[in-house]
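Here is a short report for a reader meeting this structure for the first time. Please look over the sequence and the model before reading on.

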Amino acid sequence: MPRYGCPKRMLNGPCGGGSRGVCEVDERRCVWVEAYVKALEKQRTHIFEYPLLDAGFQMVEHEPRPREPRSTLMKMIFGDMKPLIYEVELGPEGSLDEVAETIKRVNEAGFDAVTMTDNPLGAAGIDPLAPAAVARFLLGVEMAVHVTCRDRSRAALVSWLLAVAGLGIGNVIVSTGDWPLLYRDNRWSIHPVFDLDSVRLTYLARLVTDLHVDHTGRRLLGEPFFHVGVVANPYFDPLDIEILKLVKKQRAGAEFAVTQPIYTTGAFLKLVKAARERGVEIPFIASLAPLKSYRHAVYLAERMGVEIPEDYREGLKRNEVDGNIWSYNVEYMKKLTEELASLEEVSGILFITHGIHGGVVDLAIDYAREASRILK
Ligand code: SF4
């Protein structure tokens, strides 16, 4: 398997950062997409369906099974109510007080749970565990925290997962993590870790929470518990690679999946239907992320292959000029929420606003007042 030549040392297929077969880190072809194309020619794509572990794993026999929902979020996902979730994107700015205040406000507005990112683009900010703990203990808010492989070794990841369980946070969302692109001009002087990829981290998380051991089989104190979610990209080209990776993630122990932001129900349904055909049974949460400009929409569509309808793009352009970009976004997202709420394939909605400053939190609150009513 072409782990070597991949800057992130992926062992289980491509990361989510590449675009149309081009590596996220530099301009060369993604070695994993190349490997898939060759396997397709030889009709051997089944080799991409099974999680691969490395020699650092001495616990290799575990086969994680679906579990009874224990966290409030998972009970909602598997129950009659589709949860409305808000994602706080933590950047380098944002104090603990500010983040806690944001969580309090969005929770009061109707969001059922809050997720928190793990240093997007490699820009160090506050560890999401601190505000998550405050929100859970002082405000009683249901939390899910993102964790990436970018900045921690597997030993540090085990410690972090134990802290999650110790704080009573019931859900983690695992991803490989993006390359520290903020430092593009000086990219090789930053040393991201990438000791694991999202599939191996999912498996490690299930070792911790199912068997209460680490990757070496060492018994961990207590009986740590949390549910394990993963990320799914509806725009990966070719989509079958992403679906095969979802098969692996499910085998490694994933219990739910959160999509990258979608702007049409079609993009969501295409992903879920293809996943179901390959035997992926876990629930899917659809993410919505308002765009701040027409230019941003064009960039996502042309560079990342994101499906963005013409009418939404034109609406962004018009309302940018008029200064109504956020209220236009809220109306568009409410309409999309109505369509998604009627689909049985949708198990919840995650609303993402980048940052916690400016009008973005007000925008989320405005959206939540109506969206929570639509989903209930
Ligand atoms: S796009 Fe991701 S998986 Fe592919 S070569 Fe680059 S870092 Fe590796």
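This is a predicted model: local features need pLDDT of at least 70, side-chain atom pairs count only at pLDDT 80 or more; totals for chains, interfaces and linings use all residues.

Strand 1 covers residues 84-88, and strand 8 covers residues 346-353. The two run parallel and are joined by five bridges. One partner pair can be named: Leu-84 bridges to Ile-349 in strand 8.

## Helix 3 against helix 12

Two packed helices are described by the angle between their axes and the distance between the axes. For helix 3 and helix 12, the angle is about 20° and the axes lie 8 Å apart. Angles under 35 degrees count as roughly parallel, so helix 3 and helix 12 are roughly parallel to each other. The crossing of helix 3 past helix 12 is right-handed.

Which residues of helix 3 meet helix 12? They are Thr-102, Arg-105, Val-106 and Ala-109. Facing them in helix 12 are Val-361, Ala-364, Ile-365, Ala-368 and Arg-369. By class, this contact of helix 3 with helix 12 holds six nonpolar, one polar and two charged residues.

## Helix 11 against helix 12

Helix 12 spans residues 360-375 and also packs with helix 11, residues 325-341. Their angle is about 20°, and their axes are 10 Å apart. That angle makes helix 11 roughly parallel to helix 12. Helix 11 passes helix 12 in a crossing that is right-handed.

From helix 11, the residues in this contact are Trp-326, Asn-329, Val-330, Met-333, Lys-334, Thr-337, Glu-338 and Ala-341. From helix 12 come Leu-363, Asp-366, Tyr-367, Glu-370, Ala-371, Ile-374 and Leu-375. The contact of helix 11 with helix 12 divides into nine nonpolar, two polar and four charged residues.

## Around the ligand

How many residues lie around the ligand? There are 14. Those that come nearest are Cys-6, Cys-15, Gly-18, Cys-23 and Cys-30. By class, the ligand shell has 10 nonpolar, two polar and two charged residues. Cys counts as nonpolar here, and Gly as polar.

Conventions: Residues are numbered from 1 along each chain as its sequence is written. A residue is near a molecule or strand if its C-beta atom, placed from the backbone, lies within 6 Å of it. Two strands pair if DSSP finds at least two bridges between them. Helices (H or I, at least four residues) and strands (E, at least two) are DSSP runs, numbered from the N terminus. Axes are lines fitted to C-alpha atoms, for helices over the stretch in contact, and angles run from 0 to 180 degrees between N-to-C directions. Angles under 35 degrees count as roughly parallel, over 145 as roughly antiparallel, 65 to 115 as roughly perpendicular and the rest as oblique. A crossing is left-handed if the near helix is turned anticlockwise from the far one by less than a right angle, and right-handed if clockwise. Two residues are in contact if their C-beta atoms, placed from the backbone, lie within 7 Å.
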